[in-house]
Amino acid sequence: MKEELIEMELKEVKAIEPDKILEDGSFEDFVSQEEKMEHLLFTLDNRPVMLVEKGGTREILAMVRTDTAVLLQLAGEDPEQTEDSLAYRMIQTFRQLGLTQEKVVVWDEKDCVLQTKLYMRKADGTPFDMELQLEDGLLVSMLAGIPFYVNRKLLQGFEYKGISRKDVGAELLLLEMMTDRMLEKEMEEAIRTENYEYAGLVKRVQDARKQEAEGN
């Protein structure tokens, strides 16, 4: 399994400037005040983080809750400040139970959500794993001092013809922050300009929302 995994590390917790979003002229053209507020609230509640291949250049952009973003920054700068966090207490509980944390792996993607697992080993050597949200897995990785991996095929999946992996991640991030009406406008513009690669990204987010709404 080792050869199929690419080790990643936190490169940056990006800052979001809501004022710049609202000052965007195109934003004013087709968004109501209610939708604008919804978009702004999402922006305030979430932060983008950049993961980079350890010793390499490949990157993944993901969204985490603002409180998790703060903990990620503290984990890198002053780990003692995270001792009251749920992730820290969970790590300590696992250790008390004789579970050794070995690695965190992003092993698949479903409906635009990166599927993440924490791999551990019991005292008798038996392997044990549990599913986590990406942001929790990243935080556990940093606090426990264990590697964070992404499946090689999944990482390669971010490559689209004519679009760099970094650009795809950024585009998906922005699309996920849009309301349904904004996505419809983006799709119309992509088709009008024959930008079918971008239209595919828009459809990917729209389909994920439909499946989520249907309870799948």
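The paragraphs below lead through a predicted model, from its confidence to its sheet and then to its helix contacts.

For this predicted structure, the protein chain has a mean pLDDT of 79, with 74% of its residues at 70 or more. The pLDDT is below 50 over residues 25-30, a stretch that has 11 contacts in the model beyond near neighbours in sequence. Residues 159-168 also have pLDDT below 50, and this stretch has 18 contacts in the model beyond near neighbours in sequence.

The strands form an open sheet. Its 7 strands follow the order β3-β2-β1-β7-β4-β5-β6, and their pairing is mixed. At the edges stand β3 (59-65) and β6 (127-132); each has a single partner strand, so one side of each is left without a neighbour in the sheet. On average, and with direction ignored, neighbouring strands of this sheet are turned by 35 degrees against each other.

Strands β2 and β3 run antiparallel and are joined by 7 bridges; arginine 47 has valine 64 in β3 as its bridge partner. Strand β2 (residues 46-53) is also joined to β1 by 5 bridges, again with the two strands antiparallel. Here methionine 8 has glutamate 53 in β2 as its bridge partner. Strand β1 (residues 5-13) is in turn joined by 4 bridges to strand β7 (residues 148-151), and these two strands run antiparallel. Leucine 5 stands opposite asparagine 151 in β7.

The axes of helix α5 (residues 86-96) and α6 come within 9 Å, crossing at roughly 60 degrees, and the crossing is right-handed. On the α5 side the contact is made by Ala87, Tyr88, Met90, Ile91 and Arg95, and on the α6 side by Leu139, Val140, Leu143 and Ala144. By class, this contact of α5 with α6 has 8 nonpolar residues, no polar residues and 1 charged residue.

Helix α6 has a further helical partner in α4. The axes of helix α4 (residues 66-77) and helix α6 (residues 134-144) come within 10 Å and cross at roughly 15 degrees. Because this angle is under 35 degrees, α4 is roughly parallel to α6. The crossing of α4 and α6 is left-handed. In α4, Thr68, Leu71, Leu72, Ala75 and Gly76 meet Glu135, Leu138, Leu139, Met142 and Leu143 of α6. The residues of the contact of α4 with α6 comprise 7 nonpolar, 2 polar and 1 charged.

Helix α9 (residues 180-192) and helix α10 (residues 196-213) have axes that come within 9 Å and cross at roughly 155 degrees. Since this angle is over 145 degrees, α9 and α10 are roughly antiparallel to each other. Their crossing is left-handed. From α9, Asp180, Leu183, Glu184, Glu186, Met187, Ala190 and Ile191 take part in the contact, and from α10, Tyr196, Tyr198, Ala199, Val202, Lys203, Val205, Gln206 and Arg209. The residues of the contact of α9 with α10 divide into 9 nonpolar, 1 polar and 5 charged.

Methods. Residues numbered from 1 in each chain as written. Predicted model: local features only at pLDDT ≥ 70, side-chain atom pairs only at ≥ 80, totals over all residues. Heavy atoms only, no water. pLDDT = per-residue confidence, 0-100. Contact = heavy atoms within 4.5 Å. Axes fitted to C-alpha atoms, helices over the stretch in contact; angles between N-to-C directions. Parallel < 35°, antiparallel > 145°, perpendicular 65-115°, else oblique. Left-handed = near helix turned anticlockwise from the far one by under 90°. Nonpolar A, V, L, I, M, F, W, Y, C, P; charged D, E, K, R; others polar. Pairing = 2+ DSSP bridges.
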